[in-house]
Amino acid sequence: MAFRVVQPFPAPLARGDDQSIHGTESLGLTRRMRRNRKADWSRRLVRESVLTTSDLIWPIFLIDSSEARTPIAWMPGVDRLNIDEAVRQSEHAAALGIPAIAPFPFVEKGLRDATGSEALNGRNLMCRAVRAIKAAVPQIGIICDAALDPYTSHGHDGVMAGERILNDASVRVLTQQALALADAGTDVIAPSDMMDGRVGAIRAALDASGHDEVQIMAYAAKYASAFYGPFRDAIGTNATLIGDKRTYQMDPGNSDEAIAEVALDLEEGADMVMIKPGLPYLDVIARVKDQFRVPTFAYQVSGEYAMIMAAAQNGWLDGDKAMMESLMAFKRAGADGVLTYFAPRVAERLKAEA
Ligand code: PBG
């Protein structure tokens, strides 16, 4: 349908011509976009996208500690949780209606080595936490990263030879990590390492070991991004990371390549795909959803969270409004859901508004 946008143009106002401003004469516009915006009921009625609690995945940080919570300097309002507290927070999330959590571990320095061997330990922090949460809150989904960065002494997601990150050797370790997590009761494996072929290898290994119901949410298009900074503070890899991740994470200039990555991960058996970071890559989310029509998720990463929180703390933004608007943007772009550190706060707000 083509609407005519040519409108009669009002005659220029003469200086001091109050009649023209306050007069009752209409411009005779056929289509007035503002009519539908005149009241809250009408704005709600014509709203195209909705954000619900069912769209939220809550990433949390774990630590082995006698303290329930230890603060994360670069992520105000987010703490590392010990296992007991993680169980309590999972109960809270489930009570709010949040469908799933995504735990990430802060691993003691002494447990990190060149090949990330602690990742394969079925009694490691992640596996113990998954067991405890599944036992106490079986109704919440648990999504765990397959990536070695919390466990390696060099902070990379795979294993290294000299300065190179080895692809196929990394995939073999990541597959073992995924199996340990699945054995502990993880519902969804989320390969976030960006090695080639890892989704297919993990799928095959899961199926061969009786885990054919375990889903895979692939970090399909994951960019080499400055917005992961606060996360690396949270899991303690800022200090350890040698160099950067540009030989495996994507170049921010590329979007066709994201389509190729998603196509490969789907062929290899991914049940859901993710784009990361979030807001700076809304165009990629929209393209992926348009092209593949599969469950598509966005990760509003730590740096995006920190930007909103920092501005809000300075009084430069209304933090809650910016939070809700940013999450609505993901839905408008076509995302089915969002990983966000704001999840419980959003859920509380949606509950209050309902
Ligand atoms: C690890 C991983 C990262 C994030 C999720 N999984 C960091 C990275 O790749 O360096 C980032 C999440 C965030 O910034 O909130 N592979």
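Q: What is the accessible surface of the protein, and how much of that surface belongs to carbon and sulfur atoms?
A: The accessible surface comes to about 17300 Å², and carbon and sulfur atoms hold 52% of that surface. Such areas come from the Shrake-Rupley method with a 1.4 Å probe, and for residues only the protein chains shown count as cover. Please keep in mind that this is a predicted model, where local features need pLDDT of at least 70 and side-chain atom pairs count only at pLDDT 80 or more, while totals for chains, interfaces and linings use all residues. Residues are numbered from 1 along each chain as its sequence is written, and side-chain values use heavy atoms, with hydrogens and water left out.

Q: How many helices and strands are there in the protein?
A: The protein has twelve helices and twelve strands. Both are DSSP runs numbered from the N terminus: helices are H or I with at least four residues, strands are E with at least two.

Q: What makes the reach of helix 5 close to the expected one?
A: The expected span of a helix is 1.5 Å times one less than its number of residues. Helix 5, residues 167–184, has 18 residues and reaches 26 Å from its first C-alpha to its last, close to the 26 Å expected. Just after helix 5, Gly185 takes a positive phi of about 115°.

Q: Which elements are included in what covers the buried residues of helix 5?
A: The cover includes helix 4 (125–136), strand 5 (141–146), strand 7 (164–165), strand 8 (188–191) and helix 6 (198–208). Among the buried residues of helix 5 are Ser170, Leu174 and Ala178.

Q: Why is Arg203 called buried?
A: Buried means under 20% relative accessible area, exposed over 50%, and partly exposed in between (1.4 Å probe, protein chains only). Arg203 has 12% relative accessibility, so Arg203 counts as buried. Arg203 lies in helix 6. In the protein as a whole, 52% of the 354 residues count as buried.

Q: Which backbone oxygen lies 2.8 Å from a polar atom of the side chain of Arg203?
A: That is the backbone oxygen of Val214. The side chain of Arg203 also reaches the backbone oxygen of His211, at 3.4 Å. A polar contact is a pair of N or O atoms within 3.5 Å; within protein, one must be able to donate a hydrogen and the other to accept it, and residues adjacent in sequence count only if both atoms are side-chain atoms.

Q: How do you know how many disulfides there are?
A: A disulfide is a pair of cysteine sulfur atoms within 2.5 Å, and by this rule the count comes to zero. Cys127 is in no disulfide, as the nearest cysteine sulfur, that of Cys144, is 7.9 Å away. Cys144 is likewise in no disulfide, its nearest cysteine sulfur being that of Cys127. Cys127 is buried, with a relative accessible area of 0%, and Cys144 counts as buried at 0% relative accessibility.

Q: Which polar side-chain atoms lie by the ligand, and at what distance?
A: A polar side-chain atom of Asp145 lies 2.9 Å from a nitrogen atom of the ligand, and one of Asp149 lies 3.4 Å from a nitrogen atom of the ligand. For Lys222, a polar side-chain atom lies 2.8 Å from an oxygen atom of the ligand. Taken alone the ligand exposes 400 Å², and the protein buries 100% of that.

Notes
Contact means heavy atoms within 4.5 Å.
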